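Let's take a look at some charged side chains and who they pair up with. Have the sequence and the 3D view handy as you read.

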Amino acid sequence: MAIGDPRAIWRTAHRYPRTVLIGLGSLTVVLAVGLGILVLATDRHNTVEQARADGRTAGEKMAVTLLSYDYRSPVSDLGKRDDLLTGHFKDEYSVLMRDTVMPAAVKQQVTTQTSVAASSVISADSPDKVTLLFFLNQTTQSAASKDPVLNGSRVRMTLQRVSGQWLVAELTPV
């Protein structure tokens with residue numbers, strides 16, 4: 001009789017039914033746990049991938065809004081920006097814009113338009129936090145120079161999802 005002979009397996013199963021049931025039950029539990037772990041890992045991966053895509057799209061729009069300004073509408077520009085920020089960065093950004101950037105922009109009649117030339121996700125460690133890298137083009141015009149000046153820059157932006165909405169938690173020139 002060869003190993004794996006169906007008749008021998010059948011005879012053994014009849015002689016030791018309890019052992020066979022315990023073995024099959026254990027195998028079923030192990031397979032179910034493995035399947036559960038696989039489903040959870042796949043779901044987490046898909047959720048993080050969705051966060052990467054959603055965060056990148058939201059971040060591109062926010063980078064344009066946060067880094068573009070017009071000296072003719074400083075108060076309304078600042079109000080739009082506050083809703084895009086969170087944490088300590090919200091206070092830091094507001095103070096910088098209110099006390100430094102906008103007064104200088106008004107004094108020198110500066111208008112800056114920002115566009116995203118390229119973007120990339122640096123990390124997405126969870127479904128609620130994404131770090132991005134942006135390559136930006138900024139076109140600036142002022143009273144001193146009527147001809148637009150084009151500058152390139154890079155910034156790293158960290159977004160956090162707060163109450164279902166992506167908000168900027170950090171913005172750092174690179």
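## Getting started

Strands here are DSSP runs of E, at least two residues long, numbered from the N terminus. Keep in mind that this is a predicted model.

Let's begin with Asp70, which sits in strand 1 (residues 69-70). Is Asp70 buried or exposed? Its relative accessibility is 17%, and buried means under 20%, so Asp70 counts as buried.

Arg72, with a relative accessible area of 57%, is exposed, whereas Asp70 is buried.

## The other salt bridges

Side chains of opposite charge can pair when their charged atoms come close. How many salt bridges are there in this model? The count comes to six.

One of them joins Asp99 and Arg98, with the closest N and O atoms 3.2 Å apart. Asp99 is partly exposed at 46% relative accessibility, and Arg98 is partly exposed at 48%.

Another salt bridge brings together the side chains of Arg161 and Asp128, at 3.1 Å from N to O. This pair links distant parts of the chain, 33 residues apart: Arg161 is in strand 4 (residues 149-162), while Asp128 is in the loop between strand 2 (111-126) and strand 3 (129-141). Arg161 is partly exposed, with a relative accessible area of 26%, and Asp128 is partly exposed at 40%.

Notes
Residues are numbered from 1 along each chain as its sequence is written. This is a predicted model: local features need pLDDT of at least 70, side-chain atom pairs count only at pLDDT 80 or more; totals for chains, interfaces and linings use all residues. Side-chain values use heavy atoms; hydrogens and water are left out. Helices (H or I, at least four residues) and strands (E, at least two) are DSSP runs, numbered from the N terminus. Buried means under 20% relative accessible area, exposed over 50%, partly exposed in between (1.4 Å probe, protein chains only). A salt bridge is a side-chain nitrogen of Lys or Arg within 4 Å of a carboxyl oxygen of Asp or Glu.
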